[in-house]
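Good morning, colleagues. Please keep the display in view as I speak.

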Amino acid sequence: GTEAPSAWVRRWTHLIPPGATALDLACGAGRHLRWLHSQGHPVVGVDRSAEALAACEGLGELLLADIENGPWPLPGRQFGAVVVTNYLWRPLLPAIVDSVAPGGVLIYETFALGNETVGRPARPEFLLAPGELLGASQGLRVVAYEDGFLPEPARFVQRITAVRVAEDGLSPARHPLRALS
């Protein structure tokens, strides 16, 4: 949990409504929980490792759950941000998208096909097909999407930032874009 947060997550954190609760799914030892907490957001972390969650103690609400073999631990709950990095379990994609509250944002980054040529994960069930996150995010407004190769460390990724447009009568919605830092 001490490594730097993803540049993709940092780039799009400003889209999270001020003070909104952020969910970090498969949070591990909490690098994104720490980042989001430092930005003033209450946080909820979900992971199947009690050891990883212990490293997040005191950051916010922590849920020990095996989200691949058990029930969805957050039925009916929505969040100002849902953050997922380096994790893919396709049956959960609808629940992940449904967890984005009106006005909230999905920030998702994980491995894509091609990664098997440079390292792990290499099994197809852990690698996104071209455009897969776009398809999974239907119902959200895509603000940014990338699918390609990153050299340091060498990996193929797919990442998306998408918002659930608030039903407050403001049209068109404005989502400020910021350069990568």
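Is W12 buried or exposed? W12 is buried, with a relative accessible area of 1%. By buried I mean under 20% relative accessible area, by exposed over 50%, and by partly exposed anything in between, with a 1.4 Å probe and protein chains only.

Before going further, a word on the basis of these values. This is a predicted model, in which local features need pLDDT of at least 70 and side-chain atom pairs count only at pLDDT 80 or more, while totals for chains, interfaces and linings use all residues. Residues are numbered from 1 along each chain as its sequence is written, and side-chain values use heavy atoms, with hydrogens and water left out.

W8 and W12 are separated by about one helical turn, because they stand four residues apart in helix α1. Helices (H or I, at least four residues) and strands (E, at least two) are DSSP runs here, numbered from the N terminus. For ring pairs, the rule takes Phe, Tyr and Trp, the last by its six-membered ring, and requires centres within 6.5 Å; planes under 30 degrees apart count as stacked, over 60 as edge-to-face and the rest as tilted. The count by this rule is two aromatic pairs. W8 and W12 form an edge-to-face pair, with 5.9 Å centre to centre and 65° between the planes. F149 and F156 form a tilted pair, with 5.0 Å centre to centre and 55° between the planes. F149 is partly exposed at 43% relative accessibility, and F156 is partly exposed at 22%.

I turn now to the nonpolar cores. A nonpolar core is a set of buried Ala, Val, Leu, Ile, Met, Phe, Trp, Tyr and Cys residues joined through side-chain atoms within 4.5 Å. The largest such core has 26 residues, of which V46, V82, I96, L106 and Y108 touch the most other members. At least two residues of this core come from each of β1 (22-25), β2 (43-47), β4 (79-85), α4 (93-98), β5 (100-111) and β7 (154-163). Apart from this core lies another, of 20 residues, with V43, L59, A81 and V105 among them.

What does V46 contact beyond its neighbours within four places in sequence? Taking contact as heavy atoms within 4.5 Å, the partners of V46 include L23, L25, C27, L63, I67 and L74.

Helix α2 (residues 31-38) is next. Its residues R31, H32, L33 and L36 are buried. The buried residues of α2 pack against α1 (7-12), β1, β2, β3 (61-64) and β4. Just after α2, G40 takes a positive phi of about 90°.

We come to the strands, which I treat as paired if DSSP finds at least two bridges between them. β7 is largely enclosed by the rest of the structure, because eight of its ten residues are buried. β5 and β7 pair in the antiparallel sense over seven bridges, and V105 stands opposite V163 in β7. Strand β6 (residues 141-151) also pairs with β7 in the antiparallel sense, over ten bridges, and V163 is the bridge partner of R141. A hairpin through two residues joins β6 to β7.

What of the cysteines? With a disulfide taken as a pair of cysteine sulfur atoms within 2.5 Å, the search of the whole structure finds zero. C27 counts as buried at 7% relative accessibility, and C56 counts as buried at 0%.

V165 is partly exposed at 38% relative accessibility. V165 and R34 are 131 residues apart in sequence and 26 Å apart in space, C-alpha to C-alpha. Thank you for your attention.
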